[in-house]
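The following paragraphs lead the reader through a structure step by step. They begin with a single contact and proceed to its surroundings.

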Amino acid sequence: MAKATFTFDEMVYNSIVNGKQIYYNDEIKVIDYVKLVKDTRQVQIICQDGEVFLVNQDDVFEFEVNSPKPMVQPTKPKLKGKNK
Amino acid sequence: MKLGYKKIIDEMSLDGTDSNLIITDNLDLNLYDDITSIENWYYHYIQNGICSDYLQMRDRVRDVLDEKKWSGCTSTEKDIIIETYTRETNKSISVANTEKILHLIYNKGMSQANAISFLQSSFANFHIKEIEASLKRAQSYQLFKVIAKYLTISDAADFTRTITTPYHLYTTQGIRGINDGEAGEGLFDFIESTVGTSYETTGLMQQGYIMANGDSDATNFIIELMEVLRKGNY
């Protein structure tokens, strides 16, 4: 065990991304952990092989997954929330 | 930086306008009288717009203050220092504010409560001008020219999206960075990857943009950006 500093969002992100495989161009990288950059939409990705790079959270990237989950055309009109 | 006024050699030396004012680091004392002072920076800025904006004039005032020190300033100079919300670079905010309050009490006849209120009002008035100057710099022709010099449009768009929040804080509140004010991390820290901040390893240099002018890295890009944003040379 060790003491380290994270934001709550980072704790949530890291519980998901640890061990996930992301494509850096054509090369598969295994994510060790991520750090969120304050006041930007940037994420610093630290890989298990020691490589480090930045990404924007709102951009789309390729991951190695069991089943792809793409956006698709809606089949029903937009559902409006219930305003209290 | 020095402020000079053309020496009166004969009646033809002055053309009746203040174009005989000069701002330079290397003042030729054979041609110009050195009129560098807190009062002259302040009043010539207001009357003749000799600085690019209010913050640049404030920088000039602070430079003189750093040499003279608060204790060496006249009462009028102290009034200007209070109005421009500046202090000696190496003096803490609390010490500077105490000195200002004492000046208002003993030299201006204010009560302590009125002096504190006056200081707060001075900050509010200064802050409006600070924001105006920051916005001018952020939307200046010179800044966009620098960006066009070093970045492709695609990278410029990426840069713009990445700094959206720090840019917004800069243009609406004048928040610049830990070395440029008291409001914490800001846009300047991202641009300069300031050591000890969130952007030390995630700032402009770390984006890896290919410089459109052929530079091997963003060093010169950063310098030219800060000429506009920090120094107000635009």
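In this predicted model, the side chain of Gln44(A) makes a polar contact with the side chain of Thr201(B), at 3.2 Å.

Where in chain A does Gln44(A) lie? Gln44(A) is found in strand E3 of chain A. Its relative accessibility is 13%, and because this value is under the 20% cut-off, Gln44(A) counts as buried. When neighbours within four places in sequence are left aside, Gln44(A) is in contact with residues of chain A that include Tyr33(A), Val34(A), Lys35(A) and Val37(A), and also Val52(A), Phe53(A) and Leu54(A). From chain B, Thr201(B) and Thr202(B) are among the residues that Gln44(A) contacts.

The view may now be widened to the interface as a whole. Eight residues of chain A are in contact with 13 residues of chain B. The size of an interface is often expressed as the accessible area that is lost when the parts come together. For chain A and chain B the buried area is about 840 Å², with 48% of it on carbon and sulfur atoms. Strand E3 (42–47) and strand E4 (52–56) of chain A each supply at least two residues of the side of chain A that touches chain B. By class, that side of chain A has two nonpolar, four polar and two charged residues. Across the interface, the rule finds zero salt bridges, whereas five residue pairs, with both residues at pLDDT 80 or more, are in polar contact between chain A and chain B.

The two strands of chain A named above belong to an open sheet of five strands, which has the order E4-E3-E2-E1-E5 and antiparallel pairing. The edge strands of this sheet are E4 and strand E5 (63–64) of chain A, each of which pairs on one side only. Strand E2 (residues 27–36) of chain A pairs with E3(A) in the antiparallel sense over five bridges. Within this pairing, Val43(A) in E3(A) is the bridge partner of Leu36(A).

Chain B also contains paired strands. Strand E1 (residues 2–6) of chain B is joined to strand E2 (residues 21–24) of chain B by four bridges, and the two run antiparallel. Here Leu3(B) has Ile23(B) in E2(B) as its bridge partner. E1(B) pairs as well with strand E3 (residues 32–34) of chain B, in the antiparallel sense and over three bridges. In that strand, Asp33(B) is the bridge partner of Tyr5(B).

Key
Residues numbered from 1 in each chain as written. Chains lettered and ligands numbered in written order. Predicted model: local features only at pLDDT ≥ 70, side-chain atom pairs only at ≥ 80, totals over all residues. Heavy atoms only, no water. Contact = heavy atoms within 4.5 Å. Buried area = accessible area lost by both parts, 1.4 Å probe. Salt bridge = Lys/Arg side-chain N within 4 Å of Asp/Glu carboxyl O. Polar contact = N/O pair within 3.5 Å; in protein donor to acceptor, adjacent residues only side chain to side chain. Nonpolar A, V, L, I, M, F, W, Y, C, P; charged D, E, K, R; others polar. Pairing = 2+ DSSP bridges. Buried < 20%, exposed > 50% of the residue type's maximum accessible area, 1.4 Å probe, protein only.
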